[in-house]
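I opened this entry to record what I looked up in the structure shown below. My notes follow in the order in which I made them.

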Amino acid sequence: MPIRQVTLPSGDTVPALGQGTWKMGESPARRADEVRALRLGIELGMMLIDTAEMYASGGAEEVVCEAIEGQRDGLFIVSKVLPENASRAGTIAACERSLKRLGTDRIDLYLLHWPGRHAIADTVAAFETLRRDGKIGQWGVSNFDTADMAELVAVEGGGHVATNQVLYNLTRRGPEHDLMVWQAARHIPLMAYSPVEQGRLAKHRALESIAQKHGVSVAQVALAFTLLRDDVISIPKATAPDHVRDNRAAADLRLDAADRAALDRAFPPPRGATPLEMI
Ligand SMILES: NC(=O)c1ccc[n+]([C@@H]2O[C@H](COP(=O)([O-])OP(=O)(O)OC[C@H]3O[C@@H](n4cnc5c(N)ncnc54)[C@H](OP(=O)(O)O)[C@@H]3O)[C@@H](O)[C@H]2O)c1
């Protein structure tokens with residue numbers, strides 16, 4: 001079964017399940033395994049790869065470069081500028097450095113990693129310049145709460161935001177209360193990071209009976225939860241080949257109404273506004 005697609009405001013579509021790269025590129029001893037894991041994920045159809053200039057200070061982008069060599073077409077590469085670099089000139093310079101490390105001439109989606117000290121209007125102006133110059137396909141943000149999003153769309157060009165990448169999983173359902181409602185009303189998909197809570201949800205006992213019922217792993221249930229909505233893109237990171245295969249198969253898992261009710265009992269949805277959490 002092909003991975004379901006999510007439509008971005010531009011009309012472009014991306015697979016609902018991608019691959020994360022945080023912690024990759026930190027150790028030369030693990031590099032070959034990391035490249036192999038990303039290549040396996042691509043073979044299995046996880047064509048969206050999320051990285052950032054922050055990860056291993058550029059090392060993760062270099063791992064991505066090696067993994068995508070000779071197969072750039074059809075992939076959707078996401079990278080991020082650090083807030084400290086996100087001035088008008090700094091964003092453009094950071095993007096040029098990321099392009100070089102990634103070995104590509106275009107980043108498909110370029111995000112501001114989290115809100116920082118530079119005026120958002122300046123970062124957006126730089127993003128729009130990069131877009132016009134073809135260096136990036138589109139741009140978005142990360143770790144923006146509802147008020148940050150409202151401020152963003154009020155600046156010139158801010159309405160072109162393609163996504164907001166935030167911490168979202170069964171143990172971090174806060175965004176459901178207002179951020180996801182706000183974004184859904186504007187057709188801005190959410191990108192869920194740490195969808196298995198950095199591995200912790202892969203061992204959660206509350207998920208065992210649902211996993212047994214479907215004959216899948218606990219991690220797959222956690223991932224399938226993030227994929228329940230048609231406006232969420234989930235980006236688990238995995239270096240172990242078994243984890244990569246497991247994650248890909250989670251896109252085919254259909255949680256039924258009874259499963260969803262059991263998940264709501266074990267991980268209650270938010271009752272009120274909750275400040276956005278970050279890892
Ligand atoms: N924008 C932001 O501020 C931000 C913050 C955090 C993360 N992110 C992005 O989101 C991506 C994902 O988040 P994350 O890396 O923090 O956490 P995650 O994807 O929730 O968890 C990754 C951890 O879970 C393990 N794992 C993955 N699949 C598994 C499976 N099927 N069964 C058991 N264990 C499994 C991995 O092990 P192995 O690696 O050993 O296979 C790894 O230790 C990041 O890599 C990054 O690209 C963005």
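How many nonpolar, polar and charged residues does the shell around the ligand have? I sorted the shell by class and found twelve nonpolar, twelve polar and five charged residues. I note here that the model is a predicted one.

Next, I looked up which residues approach the ligand. There are 29 residues around the ligand, and D50, S142, K237, H243 and N247 come nearest.

For T21, I read a distance of 3.1 Å between a polar backbone atom and a ligand oxygen. For P195, the corresponding distance from a polar backbone atom to an oxygen atom of the ligand is 3.3 Å. E197 also places a backbone N or O atom 3.3 Å from a ligand oxygen. On its own the ligand has 910 Å² of accessible area, of which the protein covers 88%.

Where does the ligand sit? I located the ligand in the largest pocket.

Last, I recorded the chain as a whole. I counted ten helices and nine strands in the chain. Its radius of gyration is 18 Å, close to the 19 Å that the globule rule gives for 279 residues, so the chain is as compact as a globular protein of that length. The C-alpha trace spans about 55 × 45 × 30 Å along its principal axes.

Key:
Residues are numbered from 1 along each chain as its sequence is written. This is a predicted model: local features need pLDDT of at least 70, side-chain atom pairs count only at pLDDT 80 or more; totals for chains, interfaces and linings use all residues. Side-chain values use heavy atoms; hydrogens and water are left out. A residue is near a molecule or strand if one of its heavy atoms lies within 4 Å of it. A polar contact is a pair of N or O atoms within 3.5 Å; within protein, one must be able to donate a hydrogen and the other to accept it, and residues adjacent in sequence count only if both atoms are side-chain atoms. Accessible areas come from the Shrake-Rupley method with a 1.4 Å probe; for residues, only the protein chains shown count as cover. On a 1 Å grid over the protein atoms alone, a cavity is a set of points where a 1.4 Å probe fits but cannot get out, and a pocket is an open set with protein on both sides within 12 Å along at least five of seven lines; lining residues have an atom within 4 Å of a point. A molecule sits in a cavity or pocket if more than half of its atoms lie within 2 Å of its grid points. Ala, Val, Leu, Ile, Met, Phe, Trp, Tyr, Cys and Pro count as nonpolar, Asp, Glu, Lys and Arg as charged, and the others, Gly among them, as polar. Helices (H or I, at least four residues) and strands (E, at least two) are DSSP runs, numbered from the N terminus. The radius of gyration is taken over C-alpha atoms; the globule rule is 2.2 Å times the number of residues to the power 0.38.
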